[in-house]
Amino acid sequence: MALLEANDIHTFYGAIHALKGITVTVDKGEIVTLIGANGAGKTTILNTISGILHPRQGTITLDGEPIHELPAHSIVTRGVSQSPEGRRVFGRLSVAENLEMGAFTRKDKEGIKRDLEHVYELFPRLKERRKQLAGTLSGGEQQMLAMGRALMASPRLLLLDEPSMGLAPILVDLIFDTIKEINAEGVTVLLVEQNALMALSIAHRAYVLETGSIVLSGTGQELLDDPEVMKAYLGMD
Amino acid sequence: MKSASKFSWMTPVTTGLIGGVVALFLSLVGIVEASLGRYVITGILSMGQVFLLAVYAIFAVQAAQKATPEHGEKAPVYRTLACAAIAGLMISIVLALLVVVGEQIDLRGVFIHATPVLYDLLTFGLGVPQGIFVLLGFGLLMGILFGVLVLLPKALRKSIGVGLIAVPVLSVTYSALFAGRGLQLPVAIAVFVISAVAIFLWDRFEKPIRTRSQALPSGQQRTMRLGVWVLAGLFVLALPLLGSYPSEVLVITGIFVLMGLGLNIVVGYAGLLDLGYVAFFAIGAYVMAIFTSPEITWFPIHTSFWVALPFAVLTAMLAGAILGIPVLNMRGDYLAIVTLGFGEIIRLVALSDWLKPLIGGSNGITQIPKPTTFGLAFDNPQKLYYIVVIGCVIAAFIATRLKYSRLGRNWMAIREDEDVAQAMGIDLVRNKLLAFATGAALSGLAGAIFASKLTSIYPHSFNLLVSINVLAVIIVGGLGSIPGVIIGAVALVGLPELLREFAEYRLLVYGAVLVFMMLRRPEGLLPEARRKLELHEMSPDVAE
Ligand SMILES: Nc1ncnc2c1ncn2[C@@H]1O[C@H](COP(=O)(O)OP(=O)(O)OP(=O)(O)O)[C@@H](O)[C@H]1O
Ligand SMILES: [Mg+2]
């Protein structure tokens, strides 16, 4: 059964109809990616899933249970966590405190400690800088922190919004390797990316989004082979 | 960071001109004149003259320091002195111009304080032209003196500086408290010498004493720390011995500390800019009045201060939570505007004809009894002070505990980024309402004490200015910092209360202090460690 099923979702910003009937499924253990131009509605989809926004129409289920009416803070407790777009770390908290915030809803002290160690293993840079204020980290480090913080919730489903934005190529590789690693450890990933080539190459399946609607879907490889996609998102003829 | 800059002789000139403008401003708004009657050194030096001297000191020192450009080579001695002298001279030139122009044209049509008394003061009683030369010479002299001060070794410089500041501060405090006429010259000299020597010794021996005490076994260290706390406690408890008027000032300061601690939770911890904070102060006061005043006949319960107190606090708390609900989704400036409106609504409701039969409208409520315990009446400021102190201690305790609690952490996360905080699993509704309610409760407590202190309350006591004052207190003290609230209240409420003749300049000084703070010390006087770090040491590595 699908872990996450979003069915015919319509989300509005006031009068702006941002999502016009989106249907997306994510199966357990998958990496699914959403690609699309700026303003297509990718962030809106993630925020609607995580409960920061609520759909006006449509349903979202997690393991068969509806979650689209729940407030964001109770969706986290069900195992969905998000690394928001644009490295929104808590600037005035230290790295370690940010990571602790990620485990906010958890009670298992042992598990939290284990996961903290694990995040430090994935991102040794964060360990070196654990006492530094997050606002003073470099862009790339903040991105690592945002991902690490999302992982601290010990999610079943991890929502990543443009984790490679503005990073040097070598860091982009590191981030994508880490995503694969996290996925191999059993975390299901829904990934929003501008870097379509990289995203499609690690994704099991992908959706292409255009102004609030899904226009294409398939396996990562299929979309990589699609000349339309190539042209529109990868800039190749 | 500024890059290494070259020295230019224009720097001391502009520094001096700015100083001149400040001196001119102080003279023309009347601050200098108003404080002529207040002596710092009896019969010799008035407060107004001290203000002008302070301008010379500040800007001459600035100019002397700027003789060495940032990241540049150390300036030669002659240049430092020359810069200070130029600045001093510039200040005098500006003041001299005022006198010369003022003698020709009557400026009083525009500046009512441009009086002969002022000119007389500025020309040392010698008049034009002799006085002008003396004024210019005086500026040069002051510049050179403060230039020399800058050149002295650091320890000596600090001692003299502290000594110079100690004299007026002590003198003014003394005069304000005991209606004195300043310090006698020998006393002033003694104060200068003692404080200079004390600072010198302290700087010399503080480190070794500290290291030695840190080497002590932890048990003894704890005893020592306990000792310090006990001494501080005794000091606080002994303050009313100063007399009735000082205690009155302390009570008012304490009421602002209480409100500051509460608003600090809302604004400092949770980042919710609340400009209607006075509403809860008013609610606390009115509930206290309704419960205790014999004037209120429609209310079934008549009781004492102590029974009414929890009701006042709870009602304010409830009002805080209720106000919180409509503004849950508002941020920043919108929140500020709506809460501001709420504060005004409460005041206007209290003032309205509609509620006049119940709470007296503009006549307010009078005959509120003072607190009594076991027949002991807290009927003077000295006794009331203790109630305020107890309130402040409880509030400070709560604020400290909350700060380091899980709730405090939640608030901090919300302050940083609401959306992300929510996505981390923080319940925005609950946590925001708790912040509003806790803050309101402390404000209500302050209001209740305020009501029984004054024994009568009127709607006009609860205007917007109170909210602004409290906000200024916590910003100047250091947003989020608990000791900061106390310092802020002493500086912005206690001191002005002591210096009554400056009452009309209060807002002016507030404005100046706020602008200065935002430019020079945006983190406040006693900032939270975290905020200091953020604003001053953005360099990596240390965040403890
Ligand atoms: N708070 C908001 N209020 C109004 N409109 C919004 C808001 N946030 C997003 N939108 C609009 O909704 C649409 C989808 O935005 P969204 O942020 O989901 O795009 P995106 O696909 O994530 O783009 P990008 O790749 O640039 O991040 C855009 O047209 C955007 O202007
Ligand atoms: Mg986006």
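**Exercise 1. Which residues of β3(A) point one way, and which point the other way?**

Start by sorting the strand: Ile31(A), Thr33(A) and Ile35(A) point one way from β3(A), while Val32(A), Leu34(A) and Gly36(A) point the other way. Keep in mind that you're looking at a predicted model.

Now check burial. A residue counts as buried when its relative accessible area is under 20%. For strand β3 (residues 31-36) of chain A, 6 of the 6 residues pass that test, so the rest of the structure largely encloses the strand.

**Exercise 2. Find the strands that pair with β3(A), and name one bridge partner in each.**

Step one: look at strand β8 (residues 188-193) of chain A. It pairs with β3(A) in the parallel sense, over 5 bridges. Opposite Ile35(A) you'll find Glu193(A) of β8(A).

Step two: turn to strand β9 (residues 205-210) of chain A. This one is also joined to β3(A) by 5 bridges, and the two run parallel. Here Gly36(A) has Leu209(A) in β9(A) as its bridge partner.

**Exercise 3. Which strands stand at the edges of the open sheet of 4 strands in chain A?**

First write down the order: β2-β1-β4-β5 in chain A, with antiparallel pairing.

Then look at the two ends. β2 (16-27) and β5 (65-66) of chain A each have a single partner strand, so one side of each is left without a neighbour in the sheet.

Finally, zoom in on one end. Strand β4 (residues 57-62) of chain A pairs with β5(A) in the antiparallel sense over 2 bridges. In one of these strands, β5(A), Glu65(A) is the bridge partner of Leu62(A).

**Exercise 4. What radius of gyration does chain A have, and what would a compact globule have?**

Begin with the parts: chain A has 10 helices and 10 strands. Its C-alpha atoms fill a box of roughly 45 × 40 × 35 Å along the principal axes.

Now the comparison. A compact globule of 237 residues would have a radius of gyration near 18 Å, and chain A, at 17 Å, agrees with that.

Buried residues make up 57% of the chain.

**Exercise 5. Is Thr115(B) buried or exposed?**

Locate the residue first: Thr115(B) lies in the loop between α4 (77-104) and α5 (116-122) of chain B.

Then compare numbers. The cut-off for buried is under 20%. Thr115(B) has a relative accessible area of 11%, so this residue is buried.

Last, see what's around. Leaving out residues up to four places away in sequence, Thr115(B) touches Glu33(B) and Arg108(B).

Key:
Residues are numbered from 1 along each chain as its sequence is written. Chains are lettered from A and ligands numbered from 1 in the order in which they are written. This is a predicted model: local features need pLDDT of at least 70, side-chain atom pairs count only at pLDDT 80 or more; totals for chains, interfaces and linings use all residues. Side-chain values use heavy atoms; hydrogens and water are left out. Buried means under 20% relative accessible area, exposed over 50%, partly exposed in between (1.4 Å probe, protein chains only). Contact means heavy atoms within 4.5 Å. Two strands pair if DSSP finds at least two bridges between them. The radius of gyration is taken over C-alpha atoms; the globule rule is 2.2 Å times the number of residues to the power 0.38.
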